[in-house]
Amino acid sequence: MLLKIIVLIGALALIGIILWWFFGKFEQATGKAKVVDGKQEGRVVVKGGYNPQVMVFKQGQPAEVVFDMQDSTACLSHVVFEKLGVDKDLAKDPHARVKIPTDQAGEFDYACGMNMFHGKVIVK
């Protein structure tokens, strides 16, 4: 009987951890672009995910995101902006640049090649 209670408590704890991992609200690191030579540039480090996960640009000024590849994980070797039609191979270009349209406010989601890691670019 005691063994059944221990197994039940362990199973409930494991279910709780899984629910927290997949559905928990985690704070996303947010970065603001810097202006370099009249254009905005945001740097995202690719190492076990994207840092920062959210990059903010000002509307109306040319902008691009520089992905600094520091991870050899196959999943993170590609960054995909589906809405922009961009699929960059970071293994071939470890400092890949993606131009972001800033003519109007909006959001552009991006993900790794396997859609497991996500990030976002916000123009406001």
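View 1. Cys75 is buried, at a relative accessible area of 5%, where buried means under 20% relative accessible area, exposed over 50% and partly exposed in between, with a 1.4 Å probe and protein chains only. Cys112 is buried as well, with 3% relative accessibility. A disulfide is counted when a pair of cysteine sulfur atoms lies within 2.5 Å; by this rule there are zero disulfides. This is a predicted model, in which local features need pLDDT of at least 70, side-chain atom pairs count only at pLDDT 80 or more, and totals for chains, interfaces and linings use all residues. Residues are numbered from 1 along each chain as its sequence is written, and side-chain values use heavy atoms, with hydrogens and water left out.

**View 2. The cis peptide bond at Pro52.** Asn51 and Pro52 are joined by a cis peptide bond, with omega about 0 degrees. Pro52 sits in the loop between β4 (50-51) and β5 (54-57). Strands are DSSP runs of E with at least two residues, helices are runs of H or I with at least four, and both are numbered from the N terminus.

**View 3. Asp37, a residue with positive phi.** Asp37 has a phi near 55 degrees, a positive value in a residue other than glycine. Most residues other than glycine have a negative phi, and most peptide bonds are trans. The loop between β2 (34-36) and β3 (39-46) holds Asp37. Asp37 is exposed, with a relative accessible area of 82%.

**View 4. Asn115, with phi near 60 degrees.** The phi of Asn115 is positive, and Asn115 is not a glycine. Asn115 belongs to the loop between β10 (106-112) and β11 (118-123).

**View 5. The whole chain, for orientation.** One helix and 11 strands make up the list of elements in the protein chain. The radius of gyration is 19 Å, well over the 14 Å that the globule rule gives for 124 residues, so the protein chain is more spread out than a compact globule. That radius is taken over C-alpha atoms, and the globule rule is 2.2 Å times the number of residues to the power 0.38. Along the principal axes, the C-alpha atoms fill a box of roughly 70 × 30 × 20 Å. Of the 124 residues, 32% are buried.
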